[in-house]
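Me: I've got a structure here and I'd like to go through it bit by bit. Can you help me read it?

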Amino acid sequence: IDGWTLMRQTLQVSPGLRMLGMTGHTEHILQKPEDVSCEVMAKPFTVAAILNSVRSALDTQPAAGKVD
């Protein structure tokens, strides 16, 4: 199962859950599906970068019907 599918299936159980993706594969970021609205971080990242991304995800209202 890929990360996008996992996000979609998780939201079926917990709609409105905020998510933050991370990958070591740049092509995954470039191929992000249109229905996925979460931020995706590329590895490696700094502690400051992940803290900022988590704060941003928590502060953002989930979009209805989209992976967030």
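Me: How many residues apart are Asp59 and Arg55 in helix H3?
Reply: Keep in mind that we're looking at a predicted model. Both residues sit in helix H3, and their spacing comes to about one turn of the helix. In residues, that spacing is four.

Me: What does Asp59 form with Arg55?
Reply: Look at the closest N and O atoms of Asp59 and Arg55, which are 3.1 Å apart. The cut-off for a nitrogen of Arg and a carboxyl oxygen of Asp is 4 Å.

Me: Is Asp59 buried or exposed?
Reply: Exposed means over 50% relative accessible area. Asp59 comes in at 53%, so it counts as exposed.

Me: And what about Arg55, with its relative accessible area of 46%?
Reply: Anything between 20% and 50% falls in the middle class. Arg55 has 46%, so it is partly exposed.

Me: Ser53 is in helix H3 too. Is Ser53 buried or exposed?
Reply: Ser53 touches residues beyond its sequence neighbours within four places, namely Leu20, Glu39 and Met41. The cut-off for buried is under 20%. Ser53 has a relative accessible area of 6%, so it is buried.

Me: Which element gives the most to the lining of the largest pocket?
Reply: That pocket holds about 220 Å³ of space. Among the 12 residues lining it, the closest to its centre are Asp2, Gly3, Trp4, Met7 and Met22. Helix H1 and strand E1 each give two or more residues to the lining. With five residues, the top contributor is H1.

Key. Residues are numbered from 1 along each chain as its sequence is written. This is a predicted model: local features need pLDDT of at least 70, side-chain atom pairs count only at pLDDT 80 or more; totals for chains, interfaces and linings use all residues. Side-chain values use heavy atoms; hydrogens and water are left out. Buried means under 20% relative accessible area, exposed over 50%, partly exposed in between (1.4 Å probe, protein chains only). Contact means heavy atoms within 4.5 Å. A salt bridge is a side-chain nitrogen of Lys or Arg within 4 Å of a carboxyl oxygen of Asp or Glu. On a 1 Å grid over the protein atoms alone, a cavity is a set of points where a 1.4 Å probe fits but cannot get out, and a pocket is an open set with protein on both sides within 12 Å along at least five of seven lines; lining residues have an atom within 4 Å of a point. Grid points are joined across faces, edges and corners, and a volume is the space filled by probe spheres set on the points.
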